[in-house]
Amino acid sequence: MLFVIIITFMIASLIVSTRLKNKFKKYSQTRLSSGLSGREIAELMLADHGIRDVNVTCVPGKLTDHYNPANKTVNLSPEVYEGRNAAAAAVAAHECGHAVQHATAYTFLEFRSAMVPVQNVSASIINVVFMMMFFGAWLLPSVIPFQLAILVIIACYSVFTLFAFVTLPVEFDASKRALAWVQDRNIVTQDEHKMAKDALDTAAKTYVIAALSALATLLYYVMIYLGGSRD
């Protein structure tokens, strides 16, 4: 059953990722009417929100765009940093949306940031448990009872699942802020706004799939634990 869950969500993730790449490629072929680059859009959005302590940088790779709250940087891939199209505008504004969230102490972003250390510890713990289960199953009972091991896995996946679902409003809100700003600031035309929205909506689906995948895996281990308890 776990194999089915993993394969199902891997296929769903692959489909959405492929659609996302195709949409960004398609929307990158039409030059933005305003002629602004992703870097210029990001800097303008930050300035409009009174944010002067965040730098816009270029990082290597494709779809590697992200906001880093630790060093307050909006990191854009070369295609977005230099791009002058609806896709670049959407991504640049979206990442700045996270910077605005940070500056305004957006609740879900604050909560997600606070969860990062817990998630990292949970990942380390679950890796050890899985290594013991898959490469030393004979050793596991002498170190930790099987039911207790499942409880540890459930606890870790509870953290992963909560983190994944908290990420959803963070991403949705950043896109909402981005789309509203590019429209109000006349960065995009009506048609370009539709392209930007479509690109961000498709990107958001990757987070939805990740959250559902984490939840399905969590429920799987809960069922294993309950089945073992009844035995």
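Reader: Which residues is L76 in contact with, leaving aside its neighbours within four places in sequence?
Author: L76 is in contact with G38, R39, A42, V56, T57, C58, V59, D65, Y81, A92 and E95, where contact means heavy atoms within 4.5 Å.

Reader: What kind of model is this, and how are residues numbered?
Author: This is a predicted model in which local features need pLDDT of at least 70 and side-chain atom pairs count only at pLDDT 80 or more, while totals for chains, interfaces and linings use all residues. Residues are numbered from 1 along each chain as its sequence is written, and side-chain values use heavy atoms, with hydrogens and water left out.

Reader: Which residues of the largest nonpolar core touch the most other members?
Author: I41, L46, V74, L76 and I187 do, in a core of 31 residues. A nonpolar core is a set of buried Ala, Val, Leu, Ile, Met, Phe, Trp, Tyr and Cys residues joined through side-chain atoms within 4.5 Å. Buried means under 20% relative accessible area, exposed means over 50%, and partly exposed lies in between (1.4 Å probe, protein chains only).

Reader: Which elements supply at least two residues each of this core?
Author: They are α1 (2-27), α2, β3 (73-76), α4 (86-103), α7 and α8. The largest share, nine residues, comes from α4. The names follow DSSP runs numbered from the N terminus: helices are H or I runs of at least four residues, and strands are E runs of at least two.

Reader: How many residues are in the second, separate core?
Author: That core has 19 residues, including I126, Y157, I209 and A216.

Reader: Changing topic, at what angle do α2 and α7 pack?
Author: Helix α2 (residues 38-48) and helix α7 (residues 146-184) pack at about 95°, and their axes are 12 Å apart. The arrangement is therefore roughly perpendicular. Angles of 65 to 115 degrees count as roughly perpendicular, those under 35 as roughly parallel, those over 145 as roughly antiparallel, and the rest as oblique. The axes are lines fitted to C-alpha atoms, for helices over the stretch in contact, and angles run from 0 to 180 degrees between N-to-C directions.

Reader: Which residues make the contact of α2 with α7?
Author: From α2 they are I41, L44, M45 and D48, and from α7 they are R177, A178 and W181. These residues divide into five nonpolar, no polar and two charged. In this grouping Ala, Val, Leu, Ile, Met, Phe, Trp, Tyr, Cys and Pro count as nonpolar, Asp, Glu, Lys and Arg as charged, and the others, Gly among them, as polar.

Reader: Is N85 buried or exposed?
Author: N85 counts as buried, at 8% relative accessibility. N85 lies in the loop between α3 (78-82) and α4. Leaving aside neighbours within four places in sequence, N85 is in contact with Y27, S28, T30 and L32.

Reader: What does the side chain of N85 reach?
Author: The side chain of N85 reaches the backbone nitrogen of A88 at 2.8 Å.

Reader: And where is H193?
Author: H193 is in helix α8 (residues 190-230) and is buried, with a relative accessible area of 14%. Not counting residues up to four places away in sequence, H193 touches L179, V182, Q183 and V188.

Reader: Which residues have a positive phi although they are not glycine?
Author: Among them are K72, with a phi of about 50°, and A105, with a phi of about 55°. Most residues other than glycine have a negative phi. K72 is in the loop between β2 and β3 and counts as partly exposed, at 31% relative accessibility. A105 lies in the loop between α4 and α5 (107-135), and A105 is partly exposed, with a relative accessible area of 44%.

Reader: How about K62, buried or exposed?
Author: K62 is exposed, with a relative accessible area of 64%. The place of K62 is in the loop between β1 (55-58) and β2 (66-68).

Reader: Finally, how many helices and strands does the protein chain have?
Author: The protein chain has eight helices and three strands, in the order α-α-β-β-β-α-α-α-α-α-α from the N terminus on. Of its 231 residues, 44% count as buried. The C-alpha atoms fill a box of roughly 65 × 35 × 30 Å, taken along the principal axes.

Conventions: A polar contact is a pair of N or O atoms within 3.5 Å; within protein, one must be able to donate a hydrogen and the other to accept it, and residues adjacent in sequence count only if both atoms are side-chain atoms.
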